[in-house]
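Here are my notes on the model, written for reading beside the coordinates. Please check each point against your own view.

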Amino acid sequence: MAEFSLDLDEDTLQIQSWVHDFAANVMRPAAHEWDEREETPWPIIEEAARIGLYSFDFIAQAFAEPSGLMMPVALEELSWGDAGIGMAILGSTLGLAGIASNGTTEQLMEWGPQCYGTPEKIQLAAFAVSEPDAGSDVSSLRTRAVYDEAKDEWVLNGTKTWISNGGIADIHVVVASVDPELGSRGQASFIVPPKTPGLSQGQKFSKMGIRASHTAEVILQDCRVPGHCLLGGKDKLDEKLSRARQGIKSTGQAAMKTFEATRPGVGAQALGIARAAYEYSLDYAKERKAFGRAIIENQSIAFKLADMKMRIDASRLLVWRASWMGRNGKDFVAGEGSMSKLFAGETAVWVTEEAIQILGGYGYVRDYPVERWHRDSKIYTIFEGTSEIQRLIIARAISGVHIK
Ligand SMILES: Cc1cc2nc3c(=O)[nH]c(=O)nc-3n(C[C@H](O)[C@H](O)[C@H](O)COP(=O)(O)OP(=O)(O)OC[C@H]3O[C@@H](n4cnc5c(N)ncnc54)[C@H](O)[C@@H]3O)c2cc1C
């Protein structure tokens with residue numbers, strides 16, 4: 001087990017500086033354009049693939065690093081560059097996480113690299129859970145998976161919504177219900193391989209923020225996937241369903257642990273936006289003059305910056321603690337993963353709003369990046385579990401009471 005330390009090791013420092021350079025030199029200059037275009041920033045993904053940042057190997061390296069801090073450090077820098085382009089680069093990692101948490105090692109090694117493709121032939125992945133009537137309440141998914149034994153195929157039917165890279169991905173990881181009566185215990189995850197008939201993109205959403213990231217519905221109509229595309233395999237699923245039908249206590253805690261373990265990474269992204277806005281508004285407050293003095297000389301502005309910095313540092317400590325715990329197999333006894341995502345997400349919204357206030361009129365117009373950072377930050381209190389759901393998880397963990 002790695003000791004927890006705030007001193008990053010050499011490898012992590014190198015990665016931090018490498019990702020920061022990409023964020024500063026490639027993402028930042030392109031951020032405004034792709035926000036306005038609301039399209040997948042292919043040239044930036046290509047550049048990220050060319051240098052190895054958009055690749056299975058890099059993500060695997062960051063996940064494997066023993067302290068657990070390489071991943072949040074890299075994610076913070078990416079999001080500091082631009083959260084929308086960052087999500088366009090990271091969307092595939094959601095698909096990969098879906099495979100890693102439910103698949104066998106063989107499945108991970110087969111499909112993981114395909115989530116990214118190669119610099120010559122880039123591929124994307126998506127993780128499709130949410131539905132029009134099932135967002136926070138994942139137990140009520142309606143998408144059905146029915147096994148066709150004669151053909152050893154699974155037939156998927158349903159509509160997924162809000163899916164990052166939905167419909168444009170090569171690999172879709174779809175969560176569907178095999179036995180609706182069992183709620184979330186009757187669900188399984190499936191790989192839908194590239195160009196599988198029956199999977200199509202529905203509506204593409206026009207969003208408030210992270211607009212360089214593609215978000216759309218995914219329609220599944222008699223979409224048939226081979227038996228081996230069931231993540232974890234049929235025997236494991238049959239055993240899980242049989243235990244659930246007999247009312248034996250769930251072993252699904254492992255899945256819950258996985259969700260908790262990915263949340264610090266989402267918190268790290270929010271942290272990147274908050275830091276960007278803080279740094280920008282600090283510089284601005286020192287330059288901008290009103291009433292014959294720099295606006296930072298007013299306590300009301302300087303105190304905002306002090307609070308912004310304090311909350312950003314507190315967010316990073318929570319994110320790093322949870323990342324270290326997740327990587328080193330520590331149980332999240334008080335919902336530490338949720339805490340990190342919740343606090344960093346709400347901090348990003350708060351900090352970016354304060355940054356707008358510090359810039360005054362310049363904070364409100366699109367010629368300056370601060371209003372974009374505020375729009376981008378808001379998604380961090382919504383996706384990957386809303387702030388309310390994070391509070392539920394923490395409250396249940398600390399109380400042992402099934403709070404509703
Ligand atoms: C840009 C974007 C990208 C996304 N990417 C993906 C993706 O790649 N894959 C994917 O599967 N999903 C994705 N999502 C979906 C996202 O995870 C859901 O939007 C989110 O989980 C909330 O679900 P909902 O929108 O249905 O809200 P609802 O669940 O309807 O919630 C509405 C409100 O009610 C509150 N609420 C609900 N239940 C409770 C409760 N028990 N206690 C207290 N409050 C409650 C919520 O906190 C929220 O404030 C994405 C969403 C967006 C907007």
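The points below go from domains to ligand shell to helices.

1. Basis. This is a predicted model: local features need pLDDT of at least 70, side-chain atom pairs count only at pLDDT 80 or more, and totals for chains, interfaces and linings use all residues. Residue numbers start from 1 along each chain as its sequence is written.

2. Domains. The domain assignment lists domain 1 (10–115), domain 2 (125–245) and domain 3 (253–399). Such bounds come from an automatic or database assignment. The centres of domain 1 and domain 2, taken over C-alpha atoms, are 23 Å apart.

3. Domain 1 against domain 2. Here 25 residues of domain 1 are in contact with 21 residues of domain 2 (contact: C-beta atoms, placed from the backbone, within 7 Å). On the domain 1 side, α1 (10–37), α5 (83–102) and α6 (105–111) each give two or more residues. Helices are DSSP runs of H or I, at least four residues; strands are runs of E, at least two; both are numbered from the N terminus. The most comes from α5, with 14 residues. By class, that side has 12 nonpolar, 11 polar and 2 charged residues. Ala, Val, Leu, Ile, Met, Phe, Trp, Tyr, Cys and Pro count as nonpolar, Asp, Glu, Lys and Arg as charged, and the others, Gly among them, as polar.

4. Ligand shell. Where does the ligand lie? Domain 2 and domain 3 both give residues to the shell around the ligand, so it lies between them. There are 21 residues around the ligand, and Val-129, Gly-135, Ser-136, Thr-386 and Glu-388 come nearest (near: C-beta atom, placed from the backbone, within 6 Å). At least two shell residues come from each of β1 (125–128), β3 (153–164) and α13 (387–399). The shell divides into 11 nonpolar, 6 polar and 4 charged residues.

5. α10 on α13. Helix α10 (residues 336–359) packs on α13 at about 145°, with the axes 9 Å apart. Axes are lines fitted to C-alpha atoms over the stretch in contact, and angles run from 0 to 180 degrees between N-to-C directions. Among the contact residues are Leu-342 and Gly-345 of α10, and Arg-391 and Ile-394 of α13. The contact has 4 nonpolar, 4 polar and 3 charged residues.

6. Helix lengths. At 1.5 Å a residue, the 13 residues of α13 should span 18 Å, and its end C-alpha atoms are 18 Å apart, which agrees. The expected span is 1.5 Å times one less than the number of residues. Just after α13, Gly-400 has a positive phi of about 75°. Gly-329, which follows α9, also has a positive phi, near 70°.

Technical notes: Two residues are in contact if their C-beta atoms, placed from the backbone, lie within 7 Å.
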